Amino acid sequence: MQFPLASVSFWDLALCLSVAIAVFGSLIGLVIFLSLEIAHNSPVPKWRPRGSPIHLLLVLGSGGHTAEMFYMLEKTYMKEFTYRTYVVSSGDNFSAGKAKAFETQRACPDDNYNIVTVPRARRVHQSYLTAPFTTLQCFWACLNVLCGLHPDQRLPKQYVTPYPDLILTNGPATAVCMALAAKLIRLFQYVSGFNSLLRSSATPRASRLRIIHFESWARVKKLSMSGVLLLPLADTFLVQWPALGGLRAWWGMKRTKYAGWLVI
Amino acid sequence: MKLCFVTVGATASFEKLIEQVLSPQFLETLAERRYTHLLIQYGKGGSEAFSSFANGKQSAHGLTIGGFESKPSLDEELLMTTKRGDQEKGLIISHAGTGSILAAMRIGTPLIVVPNPDLADNHQEELAQILQEQKYVVSSSVQEIRTLVVARAELQKTQIFDSHPEIQDEHAGFMSDDLGFLD
């Protein structure tokens with residue numbers, strides 16, 4: 001009797017394995033591609049009554065990113081956003097301080113805000129070898145924040161879900177992690193929505209976790225690294241210089257929108 | 001009070017710029033232009049250059065001279081260059097750092113940008129260049145600052161700045177689009 005596996009050579013096995021990996025990989029790739037494509041091309045469902053509570057989540061990058069974020073918020077009508085969650089990277093006291101100062105200076109200080117800390121995705125000068133692990137850590141923390149599982153979070157009861165309605169980012173790496181986490185949750189919601197679709201509910205579904213990214217004012221002709229990564233992820237991508245308007249991740253995707261100077 | 005505020009950024013020193021703005025010719029030019037104060041944020045490792053070029057002097061040519069390394073926020077210093085009360089509109093001289101350019105433009109003080117030749121950063125240079133082209137800032141080499149202060153008595157860039165269409169007054173709209181209101 002001959003053991004059948006013995007006749008399979010190493011190269012046969014390697015070939016089978018690589019074919020399997022290639023098929024599996026391209027399937028995953030196709031799912032990601034399609035879901036990004038669908039997300040970018042479906043209109044925003046009209047479901048929200050005016051005056052309903054809105055939870056805004058703001059990702060504060062660091063130094064210049066944080067400064068630009070608050071320059072922009074100073075000129076934004078904030079009364080709509082009845083609850084604000086500020087996400088800062090660990091060790092970034094500057095951003096946390098700015099958030100506190102902004103909240104105390106606001107016209108109606110209602111104290112409906114929270115500052116949560118997530119691990120830094122990549123420190124300045126950190127090796128690219130260890131960066132994937134710290135990025136994964138950051139991504140996990142972002143996922144927790146979006147699901148309201150971060151220990152510092154205590155959202156008032158009138159908010160029916162822990163998911164923020166809107167995510168506002170302007171880079172860098174933490175923003176990419178947050179956008180990815182939001183997209184993942186939305187993918188799960190979309191897939192689990194299929195069976196309720198069969199039961200034919202006519203009311204449009206609540207859409208949350210939408211991402212607005214605005215590129216730094218300092219970016220004149222070329223998007224930043226985080227900007228390139230966020231191009232297929234953000235629902236609205238704003239740029240502040242005309243040369244960056246109308247860009248898109250690939251064919252069929254949403255284009256960037258030139259919004260003028262948001263920070264001045 | 002009329003202040004000339006010089007900032008070189010927090011991360012690196014810009015010795016040549018510090019030397020230039022503390023030179024007797026430059027101080028004299030400032031005094032001629034009725035400046036009363038010169039304040040220098042000299043950055044990491046710049047204190048030696050500052051004290052050696054200032055020569056321990058607290059004032060020269062009728063100018064009060066001061067300096068500090070860096071601060072988390074320069075808002076207070078920048079606001080001292082704006083027109084309010086008995087304060088006259090001053091001048092900001094900055095390395096091409098994005099943060100300081102943006103902060104200076106927001107308060108509308110004339111700005112001279114002096115890129116540090118030892119520290120080339122691509123996108124910062126791009127920004128300084130386009131702002132120079134559109135006449136928001138004046139770009140200068142270290143040697144030319146004095147002639148710029150002489151030539152442009154008032155450096156009134158802010159008038160162009162006030163009327164530029166690229167500046168938005170209110171931008172609440174773009175966030176509503178993603179909220180999906182019923183009406």
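**Where the chains meet**

Guide: The contact takes in 33 residues of chain B and 43 residues of chain A, where contact means heavy atoms within 4.5 Å. This is a predicted model, in which local features need pLDDT of at least 70 and side-chain atom pairs pLDDT 80 or more, while totals for chains, interfaces and linings use all residues. Residues are numbered from 1 along each chain as its sequence is written, chains are lettered from A in the order in which they are written, and side-chain values use heavy atoms, leaving out hydrogens and water.

Visitor: What area do chain B and chain A bury between them?
Guide: About 3,600 Å², with 63% of it on carbon and sulfur atoms. Buried area is the accessible area (1.4 Å probe) that two parts lose on being put together, summed over both.

Visitor: What makes R210(A) and D178(B) a salt bridge?
Guide: The rule asks for a side-chain nitrogen of Lys or Arg within 4 Å of a carboxyl oxygen of Asp or Glu. Here the side chains of R210(A) and D178(B) meet at 2.8 Å, N to O, so the pair qualifies. Across the interface of chain B and chain A, the rule finds two salt bridges.

Visitor: Which elements of chain B give two or more residues to the side that touches chain A?
Guide: They are α5 (98–107), α6 (122–133) and α9 (173–177) of chain B. Helices here are DSSP runs of H or I with at least four residues, and strands are runs of E with at least two, numbered from the N terminus. α5(B) gives the most, with six residues.

**A sheet in chain B**

Visitor: What is the strand order of the open sheet in chain B?
Guide: The seven strands run β3-β4-β2-β1-β5-β6-β7, with mixed pairing.

Visitor: Why is one side of β3 and of β7 of chain B left without a neighbour in the sheet?
Guide: β3 (59–60) and β7 (138–139) of chain B stand at the edges, each with a single partner strand, so one side of each has no neighbour in the sheet.

Visitor: How do you know that β3(B) pairs with β4 of chain B?
Guide: Two strands pair if DSSP finds at least two bridges between them. Two bridges join β3(B) to β4 (residues 63–68) of chain B, so they count as paired, and they run antiparallel. In β4(B), T64(B) is the bridge partner of S59(B).
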